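Student: Please take a close look at one part of this model, the packing of a pair of helices and what surrounds it. I would like the criteria stated along with the values.

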Amino acid sequence: MDNRDRNKETEKKKGKGGWKASFTTRKFRGGAYATVLSVIAVALVVAVNMLATKLEIRFDMTDDGKYTLHEETIGLLKGLKDDITIYSLEVSGDELPQFEKIFTKYDDYSSHVTLAYKDPVLHPKFVSQYVDDSVQKHSFLVVNESNGRAKYVDYADILVQEFSYSTYQFYTTGIDLEGRLDAAIQYVTNEELPVMYRITGHGESALSGGMPELLEKGNVTVQDIQLISADGIPEDCDILLFYQPQSDYTEEEIALVRGWLEKGGYGIFLLDDATPTLKNFNGLLQYYGMDTHEGVVMEGDSKYFASQMPYVILPTVYSSDITDSVRGKKYVVAQWATGITLREDKRDTVSVTRLLTTSDSSYIKELNSETLVKQEGDPEGPFCVGLMLKESVNGGETKLAVYSAKYFLAKDMVGSESYGNGDIFLNTISSFTEQESSVSVPSISIEEDKIVMSSAEANRIAILTAIVLPLAIIGVGVFVIVRRRKK
């Protein structure tokens with residue numbers, strides 16, 4: 001029998017019962033095991049899904065927790081003592097999923113919060129029992145059942161919109177439901193809300209950008225006052241706001257302000273590079289022990305400035321009631337700041353709390369300087385760019401807060417969760433009016449988030465990606481080639 005015949009005979013023997021034998025091979029057993037595991041895994045996923053749906057269990061899988069309540073909101077809810085009902089004014093079957101994901105979490109952290117739905121079509125007069133606002137669907141009503149106070153949250157205010165000059169249309173960039181509900185809860189639970197008067201008549205900056213929304217969410221009422229025509233500071237004034245005047249005060253205006261402050265008044269000063277040139281206004285700051293320096297503060301240490309720009313300062317944030325909510329948690333930016341130092345002849349009765357300061361490497365450049373690099377003769381830091389002063393007077397206490405960055409309350413600074421500037425401003429108002437810290441959380445952006453980092457961090461990442469990583473890849477390649485050649 002030749003080899004060809006032997007092979008045929010062998011194949012014939014293997015063929016007998018071959019299909020049965022294939023079920024007993026190691027390969028089949030391994031495949032069957034994997035298949036069974038896959039079926040079990042799929043069944044478990046389906047079962048968990050069905051259970052989660054049945055029990056209404058949901059997880060926020062967004063990378064930045066867009067639909068998870070902020071810590072500030074959770075703290076507000078846990079601290080409630082009054083019974084609060086939040087009504088969702090929705091037409092049945094027309095609920096917005098983006099709103100539902102936030103609204104339905106509000107009773108998770110307090111037994112004092114009750115959630116309810118009211119169809120404005122079926123119950124058109126329900127809201128009018130509490131407020132006079134015109135009602136539209138997708139809105140909310142917050143009612144304090146303990147004192148009867150109520151606040152309507154309009155759908156139009158929940159949407160964050162921007163105007164496009166390319167299309168000449170408004171488009172939605174975010175959702176501000178959590179912030180608006182928090183503001184409404186604070187409104188109905190606080191009997192006395194702060195009133196702030198903004199001094200005008202000297203080219204002061206307007207409350208633009210995100211400022212109106214920030215103050216509204218903090219339940220701060222803002223009025224304007226022209227000192228030159230005023231008989232005095234209104235009795236309901238809790239705080240005077242000095243917002244970057246561009247022309248000087250008269251001596252009579254300074255006397256009026258100083259007289260009010262010396263009776264235990266509160267003032268918030270927002271300065272810019274024009275301040276040191278205003279003799280009378282700057283004299284008021286000097287009276288309370290502060291000197292402002294002409295020019296703009298630059299940082300010499302890259303760890304303390306951002307965007308490769310030494311005037312976009314990341315100041316040192318000191319611990320205080322005003323700053324603790326953001327210290328180590330959010331960026332605080334002092335962009336285009338005026339340097340403040342304390343005078344040697346400051347009265348001992350004036351106590352100072354430093355809030356924000358620059359580093360020892362900081363310096364001041366004149367506005368018309370041709371270079372941003374430190375030169376001989378430039379005033380050296382550190383400088384204060386945020387501080388609070390107190391002085392006991394006539395049985396009361398004068399309180400002043402001073403922030404010297406021109407863009408401290410710019411739109412980007414108060415409208416982003418990354419920055420704590422807006423929190424510091426609201427905390428200042430709350431501290432002065434002896435309220436619990438105002439809660440103001442940012443809106444949910446539906447646009448791409450920006451990454452914030454210091455220039456030193458940016459440089460390290462650039463070196464890592466442009467130099468270290470490519471060299472490492474080349475090194476590994478050379479090592480592999482050499483090793484193969486040796487074999």
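Tutor: The axes of helix H9 (residues 251-261) and helix H10 (residues 279-287) come within 9 Å and cross at roughly 30 degrees. Axes here are lines fitted to C-alpha atoms, for helices over the stretch in contact, and angles run from 0 to 180 degrees between N-to-C directions. Helices (H or I, at least four residues) and strands (E, at least two) are DSSP runs, numbered from the N terminus. This is a predicted model, in which local features need pLDDT of at least 70 and side-chain atom pairs count only at pLDDT 80 or more, while totals for chains, interfaces and linings use all residues. Residues are numbered from 1 along each chain as its sequence is written, and side-chain values use heavy atoms, with hydrogens and water left out.

Given that angle, H9 and H10 are therefore roughly parallel to each other; angles under 35 degrees count as roughly parallel, over 145 as roughly antiparallel, 65 to 115 as roughly perpendicular and the rest as oblique. H9 passes H10 in a right-handed crossing, meaning that the near helix is turned clockwise from the far one by less than a right angle.

On the H9 side, Glu251, Ile254, Val257 and Arg258 meet Asn280, Phe281, Leu284 and Tyr287 of H10, where contact means heavy atoms within 4.5 Å. The residues of this contact divide into 5 nonpolar, 1 polar and 2 charged. In this count Ala, Val, Leu, Ile, Met, Phe, Trp, Tyr, Cys and Pro are nonpolar, Asp, Glu, Lys and Arg charged, and the others, Gly among them, polar.

After H10 comes glycine 289, whose phi is positive, near 90 degrees.

The axes of H4 (residues 71-78) and H7 (residues 177-189) come within 11 Å and cross at roughly 30 degrees. H4 and H7 are therefore roughly parallel to each other, and their crossing is left-handed.
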